[in-house]
Amino acid sequence: MLATDGSVPERRLSEVIAEHLRRTARVNPSDAERRSWDRSLPVLARDLVDAGLGAVEILVEYQLPLTSERADVVLAGVDRRTGDDAYVVVELKQWSRAELFEGDPKLVLVEGVAGGPRLHPVLQVEDYCEYIADFVAALEGRGNALGGVAYLDNAADLDVEDLYGRC
């Protein structure tokens, strides 16, 4: 579990993740990625603890098999209802305001982010889930064991309400 009390492990989290990615994936994360980890991961960890999910394992920057793609976070735990293993892919976004681009439910325009419209984060995480389900043998035939969510910890509901229920 990530430290949520402002301790040294939390302050150095981005350094640890960046070093791991350099060693294992030969990837040098950008400063923006590091800032995102430092801001979003402690908030996610606190929210999990507050929800009574402090025992959930957090896999950060999970490498999708045979691709260069990485899921921001995969939560691994046990389904309280069934006792079976359960996984949730989490797409972290630091967005504070976003809306559908020209009414297209697949594209999102993000305030303050250059480069034009982006893929809706729910569609992005759905793609990750489908890919993982196809590759991980332990998930075969267990459709309910894997889910996904876009986590916009920096946004108020009203500032991204256009994104709800559109996919």
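Leu 64 touches Glu 69, Arg 70, Tyr 128, Tyr 131 and Ile 132, leaving aside residues up to four places away in sequence. The model is predicted. One of these contacts, Arg 70, also forms a salt bridge with Glu 33, and the count of salt bridges comes to 8.

**Surroundings of Leu 64**
- Leu 64 sits in the loop between β1 (57–63) and β2 (70–78).
- Its relative accessible area is 3%, so Leu 64 counts as buried.
- Leu 64 and Ile 132 are 68 residues apart in sequence, yet their C-alpha atoms are 6.9 Å apart in space.

**Glu 33 and Arg 70**
- The closest N and O atoms of Glu 33 and Arg 70 are 2.6 Å apart.
- Arg 70 is buried at 14% relative accessibility, whereas Glu 33 is partly exposed at 25%.

- Salt bridges with shared partners join Glu 19, Arg 22 and Arg 23 into one network.
- Arg 22 pairs with Glu 19, with the closest N and O atoms 3.0 Å apart; both residues lie in helix α2 (residues 13–24), 3 residues apart, about one turn of the helix.
- Arg 23 also forms a salt bridge with Glu 19, at 3.8 Å between the closest N and O atoms; these two residues are 4 residues apart in helix α2, again about one turn.
- Arg 23 is exposed at 53% relative accessible area, while Arg 22 is partly exposed at 30% and Glu 19 is partly exposed at 32%.

Key: Residues are numbered from 1 along each chain as its sequence is written. This is a predicted model: local features need pLDDT of at least 70, side-chain atom pairs count only at pLDDT 80 or more; totals for chains, interfaces and linings use all residues. Side-chain values use heavy atoms; hydrogens and water are left out. Buried means under 20% relative accessible area, exposed over 50%, partly exposed in between (1.4 Å probe, protein chains only). Contact means heavy atoms within 4.5 Å. A salt bridge is a side-chain nitrogen of Lys or Arg within 4 Å of a carboxyl oxygen of Asp or Glu.
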